[in-house]
Each structure stands twice: as structure tokens, then as C-alpha cells.
Amino acid sequence: MTTKLETAGRALTTLAEDEQLFFDSVYQFADREIRPLVREMDEHAKIAPELIAKLFDLGVMGVEVPESYGGGGATFFHSVLAVEALSRVDPSIGVLVDVQNTLVINALLRWATEDQKRRFLPKMAADTIGAYALSEAGSGSDAFAMATRAAQRGDEYVITGRKLWITNGNEAGLFIVFANVNPEAGYRGITAFLVERGRAGFTVGKKEDKLGIRASSTCELIFEECRVPRANVLGEIGKGYKVAIETLNEGRIGIGAQMIGLAQGALDHTIRYTKERKQFGQMIADFQAVKHQLARAATDLEAARLLVYNCARLRDAGQPFLTEAAMCKIYSSEAAERIASLAINLHGGNGFVKEYPVEKLYRDAKIGQIYEGTSNLQLETIAKQMLS
Ligand SMILES: Cc1cc2nc3c(=O)[nH]c(=O)nc-3n(C[C@H](O)[C@H](O)[C@H](O)COP(=O)(O)OP(=O)(O)OC[C@H]3O[C@@H](n4cnc5c(N)ncnc54)[C@H](O)[C@@H]3O)c2cc1C
């Protein structure tokens with residue numbers, strides 16, 4: 001039996017030594033290498049290319065890739081820590097790393113054949129960015145109503161259709177693309193394909209001009225008779241819906257991590273500012289009203305972090321986490337919006353201008369309630385589990 005002494009200090013948020021070292025090294029990198037570029041990348045809506053190479057060198061682009069394939073051989077929880085640490089400085093970089101690890105690599109680790117793992121995992125850990133292409137203009141929340149088709153022709157599949165809103169579209173070298181091979185079978189026709197950039201018939205279309213996470217590219221993908229070998233089917237034919245459901249359940253924990261990182265970043269800026277700014281002859285952090293608002297924000301963030309960490313730990317322990325992932329995403333994205341909004345209020349007029357970093361974080365927070373399943377869809381998931 002575990003003794004009181006053994007469980008003492010093992011709070012959900014207590015990191016193991018290697019987790020703490022990893023988090024600290026990623027945050028220090030973000031502070032040193034990303035922070036000076038944040039405003040310019042937001043204005044130009046583009047991630048600085050030199051930063052991408054550095055992210056690979058840092059080891060955050062293949063966190064869970066086994067060492068035998070050149071990756072970090074770490075846990076899902078480490079991926080979550082990386083996304084949190086990066087998002088504390090720039091949630092656009094947070095989502096780049098999040099999609100890479102919690103969606104694309106995660107799907108490869110679970111569904112790829114040995115041949116596919118050998119072909120793709122070393123590249124993902126070394127220099128190739130991944131993207132995850134499910135949504136279309138006509139199918140967002142109702143993702144399985146997709147219109148993209150894949151027709152079998154001999155040993156190949158021919159993909160035709162358009163994907164919309166695809167994160168990392170501009171930078172990615174490998175795309176997981178969902179298409180229906182048998183529309184009459186409904187969602188049971190959906191199949192996942194591994195499509196490399198440069199395949200004939202595949203082009204990356206327009207890039208969206210967005211409210212927030214502006215440096216992260218969000219693109220349309222166009223498939224015009226794009227031929228993909230049978231060897232690039234990820235998982236089984238007609239089981240793409242399973243690939244999508246399972247990876248997105250885990251991806252939501254990553255979005256939770258992005259949101260708690262963002263909220264922590266907004267709180268960091270606000271604590272600093274309220275201790276510097278003086279009004280009525282005293283620093284504004286000394287006003288009780290301000291102190292209480294900061295205390296409430298810290299409480300909100302702690303609750304969100306507990307939900308995210310618990311969920312990531314459940315996932316690594318192989319325990320069910322469907323409801324918990326929906327709860328962690330909805331709560332952390334709403335908390336991030338509340339905390340970023342308070343950050344603007346407590347910066348006064350300075351909160352409203354681009355010279356200070358908090359207006360960007362407020363814009364960035366909004367996406368947490370939309371992608372990888374809107375808040376309404378998360379509530380549906382939670383209610384369904386409760387009432388079943
Ligand atoms: C910046 C950004 C990045 C993205 N990255 C990716 C990506 O990398 N890959 C990818 O595949 N997709 C991506 N998406 C797409 C994203 O997942 C979808 O936008 C999202 O799932 C919502 O779909 P929709 O935009 O079609 O909205 P809709 O589904 O049209 O929803 C509109 C509103 O209706 C509500 N609604 C819909 N159905 C129901 C229902 N049954 N019950 C109650 N309310 C409902 C929604 O909650 C929402 O409020 C991204 C989107 C953005 C904006």
C-alpha cells in the first residue's frame with residue numbers, strides 16, 4: 001500500500017525531475033529566441049523560418065517519436081509541457097508544435113505500419129512539419145460529412161476535393177488527409193492518407209488572414225486527381241473516422257495546454273505591469289480590487305492547469321479521458337479568454353495597443369473555443385457521457 005509519505009508532494013502539478021528540466025529548457029528557449037520575434041511574426045502573419053530549424057534542434061518537434069527513429073522518446077505529457085511553455089510566449093508557435101506532436105506524430109505512432117514509421121518518423125523528428133487535414137468548407141463540426149473523395153485505381157488512390165483551415169499548411173511537408181473512399185457507406189468510408197508536399201495534383205491554396213494566432217498558417221488544400229500509393233493509407237481503409245476521433249481526443253489536451261500557457265503569459269505580463277504602474281501615489285497592484293482580480297485569475301488558471309495535467313496523465317496511464325479532454329479544452333479556453341481580457345483591463349490604455357503584448361494574447365485566446373471541436377461540441381461530448 002502507498003504510504004502517506006510516498007503520496008506526499010505528488011500533486012498533479014508536481015513535475016518529475018526530467019519533466020521540470022524539459023519544461024524549463026523549452027521556456028528558456030521561448031523567452032530567449034521567440035519573444036523578440038513575437039510582434040513582428042504577428043504583424044507579418046508568418047513564422048520566422050530560422051525559428052523552425054531551432055525548434056527541431058531543441059527536440060520539441062518529435063517529442064514522442066521513439067529514440068530508435070531519432071526522436072525524444074518522451075511521453076505525451078512532455079508534449080503537453082512543450083506546448084504550454086511555448087504558448088506562454090507565443091501561442092502561434094504553441095499550435096505549430098501541438099499539431100506536430102499531439103495530432104500528426106500521435107496518429108503515426110498509433111496507426112502507421114512499420115514501413116510508414118521508417119519512412120516518416122525520422123523526418124518528423126529531424127526537419128519535416130506535419131499538418132492534419134480534416135475540415136472542409138461544408139464540414140466543420142460535422143466533420144464526417146466531408147466531400148473529399150478518394151477513388152481506388154489499381155494500386156493507388158486518387159484524391160479529389162478541398163480542405164479548409166489547415167494549420168501548418170504553409171510549412172508542412174507531410175499532410176494527414178481524410179477522404180471518403182465509399183460515400184455510400186457514410187462515415188465508414190472515411191480513410192486517412194499520408195500525402196507528401198509536392199505530389200502531383202496537390203497544391204496549398206490561400207492562407208487565411210486571421211484575428212489571432214496570426215503567425216500560424218491556416219490554409220486551404222486543393223486536391224485535383226492527386227494520386228497516392230496504397231502504401232500511404234494510414235490505418236485501415238474505412239477506419240479514418242477512428243483515426244480522426246482518437247487523435248482529436250488527444251489533440252484537445254494539447255489545445256488545453258496552449259490555453260494555459262497563454263493564460264500564464266498574460267498573467268506574467270500583468271503581475272509585472274501592476275507592480276510597476278503607479279496611480280494615486282501607489283502601485284496599482286496594491287489596490288485591493290486589483291489584488292483580488294489577480295488572485296481570481298490565478299485560481300482560474302490553477303483549475304485549468306489541473307484539468308489539463310490530469311487529462312495528459314490519464315492518457316499516458318492508458319486510462320479513459322474522453323470527458324476529461326472535453327472539459328479541459330472548454331474550461332482552459334474560457335479561462336484563457338477571461339485572463340487575457342483582465343490583462344488588458346489592468347494595463348489600462350496600454351493594454352489596448354500593440355506596443356504591449358497582452359492585446360495579442362486576447363486575440364489569440366479566441367481560437368481555443370473554436371478549433372478541434374467548438375465549445376458546443378465539447379458540451380455535447382460531456383453531456384452524452386453523463387446521460388448515457
Ligand atoms: C485558425 C484555425 C485553425 C484550424 N486548424 C485546423 C486543422 O489544422 N485541421 C482541420 O481539420 N481543421 C482545422 N480548423 C477547423 C476547425 O476545426 C473548425 O473551424 C471547427 O471544427 C468548427 O467548424 P466550422 O468552422 O465549420 O463551424 P460550424 O461547424 O459551422 O459551427 C458554427 C457554430 O455552430 C455551432 N454548432 C455546430 N454544430 C452544432 C451542434 N450539433 N450543436 C450545437 N452547436 C453546433 C458551433 O458550436 C459553432 O458555434 C481550424 C480552424 C481555425 C479557425
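Guide: Let's begin with a term: a pocket is an open set of grid points with protein on both sides within 12 Å along at least five of seven lines. In this predicted model, the largest pocket is the space that the ligand takes.

Visitor: Which elements give two or more residues to the shell around the ligand?

Guide: Those are strand 3 (156-167) and helix 12 (375-387). Strand 3 supplies the largest share, three residues.

Visitor: And how do the residues of that shell divide into nonpolar, polar and charged?

Guide: Eight are nonpolar, seven are polar and two are charged. Of the 17 residues around the ligand, those that come nearest are Ser135, Ser141, Trp165, Thr167 and Thr374.

Visitor: How should I read polar contacts here?

Guide: Look for pairs of N or O atoms within 3.5 Å. The side chain of Ser141 has an N or O atom 2.6 Å from an oxygen atom of the ligand. Thr374 places a polar side-chain atom 2.6 Å from a ligand oxygen atom, and for Asn376 such an atom lies 3.1 Å from a nitrogen atom of the ligand. The ligand taken alone exposes 980 Å², and the protein buries 64% of that.

Visitor: Now the backbone. Where is Ile213, with its positive phi?

Guide: Ile213 sits in the loop between strand 6 (202-207) and strand 7 (218-229). Its phi is about 30°, although Ile213 is not a glycine.

Visitor: Is Ile213 buried or exposed?

Guide: Buried means under 20% relative accessible area, so Ile213, at 4%, is buried. Glu225 in strand 7 also has a positive phi, near 50°, but at 47% relative accessibility Glu225 counts as partly exposed.

How values were computed. Residues are numbered from 1 along each chain as its sequence is written. This is a predicted model: local features need pLDDT of at least 70, side-chain atom pairs count only at pLDDT 80 or more; totals for chains, interfaces and linings use all residues. Side-chain values use heavy atoms; hydrogens and water are left out. A residue is near a molecule or strand if one of its heavy atoms lies within 4 Å of it. A polar contact is a pair of N or O atoms within 3.5 Å; within protein, one must be able to donate a hydrogen and the other to accept it, and residues adjacent in sequence count only if both atoms are side-chain atoms. Accessible areas come from the Shrake-Rupley method with a 1.4 Å probe; for residues, only the protein chains shown count as cover. On a 1 Å grid over the protein atoms alone, a cavity is a set of points where a 1.4 Å probe fits but cannot get out, and a pocket is an open set with protein on both sides within 12 Å along at least five of seven lines; lining residues have an atom within 4 Å of a point. A molecule sits in a cavity or pocket if more than half of its atoms lie within 2 Å of its grid points. Helices (H or I, at least four residues) and strands (E, at least two) are DSSP runs, numbered from the N terminus. Ala, Val, Leu, Ile, Met, Phe, Trp, Tyr, Cys and Pro count as nonpolar, Asp, Glu, Lys and Arg as charged, and the others, Gly among them, as polar. Buried means under 20% relative accessible area, exposed over 50%, partly exposed in between (1.4 Å probe, protein chains only).
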